[in-house]
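Here's a quick tour for anyone meeting this structure for the first time. Take a look at the picture, then read on.

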Amino acid sequence: MNVAVIGASDNSERYSNMAVKLLKEKGHTVFPVHPRIKTVEGLAVYPSIADVPQAIDTVSMYVAADISTAMADKILEKKPLRIIFNPGAENISLEALALAQGIIVKNACTLVLLRTGQF
């Protein structure tokens, strides 16, 4: 599964970094997205989801609503099958736009979903 992690961090204590690491361990193809970081867990980081060269199955959000709202068009243009809003990243307006386009939306923790086999 191709997973974009928006708000990926190179700080190993951040949940977004842990998600990149665990997604890799579970065999997913991970595309970290952050405008100012170059690598996360040995992976190249894309400045925008629009720069990701592959189709995206799941977007895992780790940014605040004001940031994800600003990138909503780019996220929706990638036509992901699912968006996961991790705790603190909830965005009601982006959720509504995604649902209107038939995108599955979850307000959940990517780490918990992965660890419990629900991802």
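Two strands count as paired if DSSP finds at least two bridges between them. Keep in mind that this is a predicted model. With that in hand, we can start with the sheet and then turn to the helices.

**The sheet as a whole**
- An open sheet is built from 5 strands, in the order β2-β1-β5-β6-β7, and their pairing is parallel.
- β2 (29-33) and β7 sit at the edges with a single partner strand each, so one side of each has no neighbour in the sheet.
- On average, neighbouring strands here are turned by 20 degrees against each other, direction ignored.
- As background, strands of a sheet pair through backbone hydrogen bonds, either parallel or antiparallel.

**Two strand pairs up close**
- Strand β6 (residues 82-85) runs parallel to strand β7 (residues 104-107), and 4 bridges join them.
- In that pair, R82 stands opposite I104 in β7.
- Strand β1 (residues 2-6) and strand β5 (residues 58-61) also run parallel, joined by 4 bridges.
- Here A4 is the residue that stands opposite V59 in β5.

**Helices against the sheet**
- Which strands does helix α1 (residues 15-25) lie across? Helix α1 lies across β1 and β2, and runs at about 170 degrees to β1.
- α4 lies across β5, β6 and β7, running at about 150 degrees to β7.

Methods. Residues numbered from 1 in each chain as written. Predicted model: local features only at pLDDT ≥ 70, side-chain atom pairs only at ≥ 80, totals over all residues. Heavy atoms only, no water. Axes fitted to C-alpha atoms, helices over the stretch in contact; angles between N-to-C directions. Contact = heavy atoms within 4.5 Å.
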